[in-house]
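This briefing walks through one protein model, topic by topic, for a reader who is new to structures. Please keep the sequence and the 3D view at hand while reading.

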Amino acid sequence: MADLSQGLTVWLTGLPSAGKTTLAHALEKRLLAAGYRVEVLDGDVVRTHLTRGLGFSREDREENVRRIGFVAHLLSRNGVVAVASVISPYRGVRDELRELHAGRFFEVHVATPVEVCSERDVKGLYAKQRTGELTGLTGVDDPYEPPLQPEAVIHTESQTLDESVETLWQALHR
């Protein structure tokens, strides 16, 4: 069982439009209601502040994930549950973060199929990729390396939001 009161990073990884941010904010509400200190680090929001100058090359994506992971590490080592909602497509960088966190890293694969993500297309990225306006879309024409042994796997395509939060909550308390 994860000791949430001592701080933890809950790292939500998955394709664009998988449901990571929606799940992160729903988990945040549940954690706050249970009395935990929580901070959500949304990859899109962080990109507008902490990592604004980075592009979307592999190196820049890796650096983006490292910076968000470092902030999550600082929060979690100070007793905060940091909920990071970040595509983080490369397994090696996520493994670096796991090591940095020294036991306070809880990886969650939001394992929504690309077809479902494309239908949701929250930001219009899949539509832009189909028309050629966008290249390098994670999971379509750029790689996504799913976690090999995540602490939890959430299937947002077959669960309601409440069911997904409950699945994650139970995993955090196993």
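The lining of the largest pocket is made up, by class, of 13 nonpolar, 15 polar and seven charged residues, where Ala, Val, Leu, Ile, Met, Phe, Trp, Tyr, Cys and Pro count as nonpolar, Asp, Glu, Lys and Arg as charged, and the others, Gly among them, as polar. The model is predicted, and local features need pLDDT of at least 70, side-chain atom pairs count only at pLDDT 80 or more, while totals for chains, interfaces and linings use all residues. Residues are numbered from 1 along each chain as its sequence is written, and side-chain values use heavy atoms, with hydrogens and water left out.

**The largest pocket**

- About 750 Å³ of space lies in the largest pocket, a volume being the space filled by probe spheres set on grid points that are joined across faces, edges and corners.
- The pocket has 35 lining residues, and those closest to its centre are P16, K20, D44, I87 and K123.
- On a 1 Å grid over the protein atoms alone, a pocket is an open set of points where a 1.4 Å probe fits, with protein on both sides within 12 Å along at least five of seven lines, and lining residues have an atom within 4 Å of a point.
- Helices α1 (20-33), α2 (43-47), α3 (58-76) and α7 (161-172) each give at least two residues to the lining of this pocket, and the largest share, four residues, comes from α1.

**The chain as a whole**

- The protein chain has seven helices and five strands, which are DSSP runs numbered from the N terminus (helices are H or I with at least four residues, strands are E with at least two).
- Read along the sequence, these elements follow the pattern β-α-β-α-α-β-α-β-α-α-β-α.
- The radius of gyration of the protein chain is 15 Å, close to the 16 Å that the globule rule gives for 174 residues, so the chain is as compact as a globular protein of that length; the radius is taken over C-alpha atoms, and the rule is 2.2 Å times the number of residues to the power 0.38.
- Along its principal axes, the C-alpha trace of the protein chain spans about 45 × 35 × 30 Å.
- Of the 174 residues of the protein chain, 47% count as buried, a word that means under 20% relative accessible area, whereas exposed means over 50% and partly exposed lies in between (1.4 Å probe, protein chains only).
- Among the contacts in the protein chain with a separation of 6 or more, 77% are between residues 24 or more positions apart, and contact means heavy atoms within 4.5 Å.

**The nonpolar cores**

- The largest nonpolar core has 29 residues, and those with the most contacts inside it are V10, L12, V83, F106, V108 and L168.
- Such a core is a set of buried Ala, Val, Leu, Ile, Met, Phe, Trp, Tyr and Cys residues joined through side-chain atoms within 4.5 Å.
- A second, separate core has 12 residues, including I68, A82, L97 and F105.

- V81, in strand β3, counts as buried at 0% relative accessibility, and its C-alpha atom is 4.8 Å from that of L8, although V81 and L8 are 73 residues apart in sequence.
- Leaving out residues up to four places away in sequence, V81 touches L4, L8, V10, L31, Y36, R37, V38 and E39.
- H73 is found in helix α3 and counts as buried at 10% relative accessibility; beyond its neighbours within four places in sequence, H73 is in contact with T9, L100, H101 and R104.
- S164 lies in helix α7 and counts as buried at 2% relative accessibility, and, with neighbours within four places in sequence left aside, S164 is in contact with L23, I154, T156 and Q159.

**Residues in loops**

- Most residues other than glycine have a negative phi.
- S17, in the loop between β1 and α1, has a positive phi of about 70 degrees although it is not a glycine, and S17 counts as buried at 14% relative accessibility.
- A102, in the loop between α4 (91-101) and β4, has a positive phi of about 45 degrees although it is not a glycine, and A102 is exposed, with a relative accessible area of 62%.
- G136 is in the loop between α6 (125-131) and β5 and is buried, with a relative accessible area of 19%.
- Neighbours within four places in sequence aside, G136 is in contact with R61, D141 and D142, while the C-alpha atoms of G136 and L161, 25 residues apart along the chain, are separated by 29 Å.
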